[in-house]
Every structure is written in structure tokens, then in C-alpha cells.
Amino acid sequence: ATLHITGRDVEPQDIILQFKNYRWESLGDVDSIERMRAENAYNSHPAIITLKKRLAEIEADENEPVKEYIVRAKDFREDVIKETGELVGTSNKAFMTEVRKFDIFLLRDGIECIEPGEPHTSYKGKKGRFYRYRHSTNN
């Protein structure tokens with residue numbers, strides 16, 4: 001439940017309450033709960049789990065000259081399915097829309113996404129629009 005507090009002598013606020021053991025308990029204000037939910041969604045999202053694992057693999061590979069996860073939406077989506085067994089999004093475009101909503105969290109973790117430029121670039125024998133993910137410390 002949400003308790004909305006307003007009044008002449010108090011700051012307006014919304015507090016999330018939970019009924020537990022015949023008592024109401026405060027879980028915190030709405031903003032902090034939403035931040036916590038977004039953080040949990042980010043940390044448990046199959047695409048984020050896969051992205052972080054791929055970046056770690058690439059960075060650990062001494063034979064990989066480019067320390068970036070360079071991928072088309074289609075291939076990224078397939079990597080997520082292989083890694084987690086979960087299908088994200090109803091299409092490649094919907095998948096990338098879902099992933100891009102976590103950009104602010106990625107930046108906080110030191111991971112940047114470079115938007116695809118030309119629609120038909122080529123990388124490792126594949127053509128398409130490539131997203132580039134890398135740790136900010138890699139330039």
C-alpha cells in the first residue's frame with residue numbers, strides 16, 4: 001500500500017507500506033523503492049548478465065586485440081538465449097530497446113555503449129549495425 005502524506009506543516013511524501021504479522025511496516029519512500037526495483041531489474045536481467053560475462057571473456061583473452069563486445073542486436077539476443085535460456089523482447093529491435101533502458105546503470109558500472117553508425121558496416125565477416133560495449137577505461 002502507499003501512504004500519501006500531505007499537510008501544511010509537513011513535506012509531501014509517499015511511503016510504501018506492507019502489512020505483515022498484523023502490522024503495517026514501512027518499506028521506504030516511493031523513490032527509493034523504485035530505485036531499488038530498477039537496480040534489481042538491472043542486476044538480474046539476462047542481457048546484462050550476458051553482456052558482463054562477454055566483456056570479461058574478451059578482456060581476459062590475450063589474443064583479442066579489440067577489447068570490446070562488438071555485436072549486432074540479433075547476435076546479442078542469440079547470445080542471451082545461449083547464456084541464460086531466456087528470450088528477451090519480441091524482436092531484435094524490442095530487445096535492444098529493453099537493453100538500452102539500462103544505459104545509466106551500465107555507465108555507473110563503467111561500461112559504455114557506442115551506438116551503431118552506418119547501417120551496413122562489416123565486422124568479422126558479418127554485416128549490419130553493430131553496437132559496441134566496452135569498459136570506459138579501454139580507449
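Tutor: Partly exposed is the class between buried, under 20% relative accessible area, and exposed, over 50%; keep it in mind for this predicted model.

Student: Why is Arg108 called partly exposed?

Tutor: Arg108 has a relative accessibility of 45%, and because the class lies between the 20% and 50% limits, Arg108 counts as partly exposed.

Student: What makes the pair Arg108 and Glu39 a salt bridge?

Tutor: The side chains of Arg108 and Glu39 meet at 2.7 Å, N to O, and the cut-off is a side-chain nitrogen of Lys or Arg within 4 Å of a carboxyl oxygen of Asp or Glu, so the pair qualifies as a salt bridge. Glu39, at 23% relative accessibility, counts as partly exposed.

Student: Why is Asp75 called buried?

Tutor: The relative accessible area of Asp75 is 10%, and buried means under 20%, so Asp75 falls in that class. Asp75 sits in helix H3 (residues 73–84) and forms a salt bridge with Arg72, the closest N and O atoms being 2.8 Å apart; Arg72 is buried as well.

Student: What makes the link between Tyr69 and Asp79 a polar contact?

Tutor: The side chains of Tyr69 and Asp79 are joined at 2.5 Å, and because the rule asks for a pair of N or O atoms within 3.5 Å, one able to donate a hydrogen and the other to accept it, the link is classed as a polar contact. Tyr69 lies in strand E4 and is itself buried, with a relative accessible area of 5%.

Student: Why are strands E4 and E5 said to stand at the edges of their sheet?

Tutor: The open sheet has three strands in the order E4-E8-E5, with antiparallel pairing. Strand E4 (69–72) and strand E5 (111–114) each have a single partner strand, so one side of each is left without a neighbour in the sheet.

Terms used:
Residues are numbered from 1 along each chain as its sequence is written. This is a predicted model: local features need pLDDT of at least 70, side-chain atom pairs count only at pLDDT 80 or more; totals for chains, interfaces and linings use all residues. Side-chain values use heavy atoms; hydrogens and water are left out. Helices (H or I, at least four residues) and strands (E, at least two) are DSSP runs, numbered from the N terminus. Buried means under 20% relative accessible area, exposed over 50%, partly exposed in between (1.4 Å probe, protein chains only). Two strands pair if DSSP finds at least two bridges between them.
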